[in-house]
Amino acid sequence: MTGDPADRAAADFFWDRVVNHHSYVTGGHCDHEHFGPPDQLNDRLSDDTTETCNVYNMLKLTRHIFGWRPESRVADFYERALLNHIRSSQHPDGRVIYNLTLRQGGTKSYQLKYDWFTCCMGTGMENHVRTRMASTFTTPTVSG
Ligand SMILES: [Zn+2]
């Protein structure tokens, strides 16, 4: 975005670390708002796994990464996180989820519309639109 190769390298490195070493199968990441040791997620399944705004921000970063290098693995992560986390974080009545639990037997806890506000409610408002934007996330055509 800035044209600085060091910024791009940092963004690429961060994306790789989060996607390949800190993301659960849903595409979400973090437990209690923190990363843990890389590649050791099986012991970190609680009611407070996978904060929604983390996923929201990773989708924004993924769009930039895909613009730099349109690889299927980049689009695959976007699709995985969008379908498994973002869409499932939305209640049909408009409420959203702060943390999408991955604990066995866990249940979704949707936030109240007017009496509780977190970062994930703010980004969650954009997420309803983001699922519509996915149709614009297409692979560029290669001309010969
Ligand atoms: Zn949040």
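Q: How many helices and strands does the protein have, and what pattern does the protein follow along the sequence?
A: In this predicted model, the protein has 4 helices and 0 strands, and reading along the sequence gives the pattern α-α-α-α.

Q: Which residues of helix 1 and helix 2 meet?
A: From helix 1 come Arg8, Ala11, Asp12, Trp15 and Val18, and from helix 2 come Met58, Leu61, Thr62, His64, Ile65 and Trp68. Sorted by class, this contact of helix 1 with helix 2 has 7 nonpolar, 2 polar and 2 charged residues.

Q: What makes a set of residues a nonpolar core, and which residues have the most contacts inside the largest one?
A: The members must be buried residues of nonpolar kinds such as Val, Leu, Tyr and Ala, joined through C-beta atoms within 7 Å. The largest core has 19 residues, and Val55, Leu59, Tyr78 and Ala81 have the most contacts inside it. Helix 1 (5-21), helix 2 (52-68) and helix 3 (72-86) each supply at least two residues of this core, and helix 2 gives the most, with 7 residues.

Q: Which residues does Ala81 touch, leaving aside those up to four places away in sequence?
A: Ala81 touches Gly27, Gly28, Val55, Met58, Leu59 and Ile86.

Methods:
Residues are numbered from 1 along each chain as its sequence is written. This is a predicted model: local features need pLDDT of at least 70, side-chain atom pairs count only at pLDDT 80 or more; totals for chains, interfaces and linings use all residues. A residue is buried if 20 or more other C-beta atoms lie within 10 Å of its own, exposed if 12 or fewer, and partly exposed in between; C-beta atoms are placed from the backbone. Two residues are in contact if their C-beta atoms, placed from the backbone, lie within 7 Å. Ala, Val, Leu, Ile, Met, Phe, Trp, Tyr, Cys and Pro count as nonpolar, Asp, Glu, Lys and Arg as charged, and the others, Gly among them, as polar.
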